[in-house]
Amino acid sequence: METIEQKRHLATTVPGPRSLELTARREAAVSAGVSSGLPAFIVRGSGAILVDVDGNHLVDLGSGIAVTSVGHAHPAVTEAIAEQAARFNHTCFMVTPYEQYVAVAEALNELTPGTHAKATALFNSGAEAVENAIKVARLATGRSAVAVFDHAYHGRTNLTMALTAKNMPYKDRFGPFAPEVYRAPMSYPLRDGLSGAEAAARAINHLETQVGAHNLAALLIEPIQGEGGFIVPAEGFLPALASWAEAHGIVFIADEIQTGFCRTGAWFACEHEGVVPDLITTAKGIAAGMPLAAVTGRRDLMNAVHPGGLGGTYGGNPVAAAAALAAIAVMRDEGLAERARAIGSTLERKLSMAASEMPAIAEVRGRGAMMAIELVRPGTLEPDPALAKAVVATCAEHGVIALSCGTYGNVLRLLPPLVIEQPLLEEGLDILLSALRIAAS
Ligand SMILES: Cc1ncc(COP(=O)(O)O)c(C=O)c1O
């Protein structure tokens with residue numbers, strides 16, 4: 001296949017006529033419960049460019065929600081997938097094993113924080129990994145309660161809906177939800193003004209008085225919250241929670257499904273504060289778009305489970321595992337953690353400059369290639385979700401895929417592929433900021 005130039009190009013309006021035809025077919029065939037932010041039907045991708053069915057070349061600033069960190073259709077990943085697919089596609093690891101599964105487990109045991117003995121189990125989706133981390137923690141501790149946080153997002157299955165904070169669209173009228181899930185206040189520096197130590201003391205006090213530390217199997221937290229609004233807790237919050245959990249035999253689970261695999265400028269976001277989780281859940285960036293997820297952590301916890309207690313038909317599928325091994329090699333060989341830090345510097349510089357002249361930007365926050373701006377009504381902290389929505393829509397019209405998020409829907413987040421070229425990143429960002437300037441005026 002010929003290479004795709006890393007340039008934005010509009011051949012039609014976005015979405016164009018062929019996408020609109022496909023949208024009509026989609027509406028007749030696909031559940032209305034599954035929606036798309038930008039209904040341009042994609043036919044190809046490369047690096048940070050997605051090509052739609054009308055020939056528009058779109059700049060991807062979202063990576064399919066933090067998945068294609070190595071870029072779309074990275075040749076090394078594509079080759080690994082093709083080669084594995086030609087050998088065999090499935091055995092079910094629970095029926096007959098294969099080396100690729102073991103190699104992914106070895107890589108995760110090595111790459112995740114901490115030098116202690118670890119073990120890994122593989123699954124299909126992030127939600128499934130989170131569910132299994134809770135299963136492990138409950139079995140290993142003999143306790144049932146799970147602590148989660150305001151603004152958390154952990155998935156859409158029944159247990160993970162209970163773990164997720166936001167009602168619309170994730171939970172509304174889908175209950176009843178799984179029991180024994182307790183929500184504590186998160187550190188949200190823009191809105192609570194607390195130091196990390198103060199916010200941790202507040203959360204711990206809440207859990208001790210309303211749940212009881214001895215009842216808690218697990219404390220589950222995203223080191224930087226993703227869907228909840230790219231909320232970076234104040235420094236010291238995560239380490240304080242981790243040491244409190246350790247002191248009370250509570251399994252500290254870091255959900256690094258969105259933050260993992262070089263996204264924040266380190267292999268895992270916990271590393272920025274030296275936190276070593278007992279268990280870590282990963283997915284998204286792990287396999288460049290193939291469905292794969294994992295729970296990795298203390299071997300004593302992971303091996304407390306009886307044989308057959310963990311698994312699933314497709315978990316650790318050989319093609320997905322081959323993709324993960326190739327993606328991890330790309331991250332190492334192409335220095336993607338460093339690239340994420342460089343992207344972060346560009347994002348921070350341009351977004352901070354915009355914030356200094358636009359009172360609608362209450363805060364620029366994030367780490368590495370996971371950065372966001374929170375939008376408010378000028379002079380207040382009142383969220384402005386309509387503004388975020390307008391910017392995303394204008395970006396789409398101009399061929400830039402941008403994402404919003406947040407409990408209040410008022411956060412614009414940037415998650416470009418870590419291989420994005422500097423001019424394309426700057427162009428995408430300039431389009432987003434001029435859309436914001438116009439919408440906010
Ligand atoms: C932090 C976090 N946990 C869990 C999930 C759920 O992952 P999946 O959509 O693969 O089930 C997500 C997805 O956005 C996530 O960001």
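A polar contact here is a pair of N or O atoms within 3.5 Å; within protein, one must be able to donate a hydrogen and the other to accept it, and residues adjacent in sequence count only if both atoms are side-chain atoms. This is a predicted model, where local features need pLDDT of at least 70, side-chain atom pairs count only at pLDDT 80 or more, and totals for chains, interfaces and linings use all residues. Residues are numbered from 1 along each chain as its sequence is written, and side-chain values use heavy atoms, with hydrogens and water left out.

**Exercise 1.** Find the distances from Asp 255, Gly 126 and Ala 127 to the ligand, then see how the protein covers the ligand.

*Solution.* Start with Asp 255: a polar atom of its side chain sits 2.7 Å from a ligand nitrogen. Next, go to Gly 126, where a backbone N or O atom is 2.8 Å from an oxygen atom of the ligand. For Ala 127, a backbone N or O atom also lies 2.8 Å from a ligand oxygen. Now the cover: on its own the ligand exposes 390 Å², and the protein buries 82% of that (accessible areas by the Shrake-Rupley method with a 1.4 Å probe; for residues, only the protein chains shown count as cover).

**Exercise 2.** Work out how helices H3 and H11 are arranged.

*Solution.* Pick out H3 at residues 75-87 and H11 at residues 318-333 (helices are DSSP runs of H or I with at least four residues, strands are E runs of at least two, both numbered from the N terminus). Their axes come within 8 Å and cross at roughly 155° (axes are lines fitted to C-alpha atoms, for helices over the stretch in contact, with angles from 0 to 180 degrees between N-to-C directions). H3 and H11 are therefore roughly antiparallel, a label for angles over 145 degrees, while those under 35 count as roughly parallel, 65 to 115 as roughly perpendicular and the rest as oblique.
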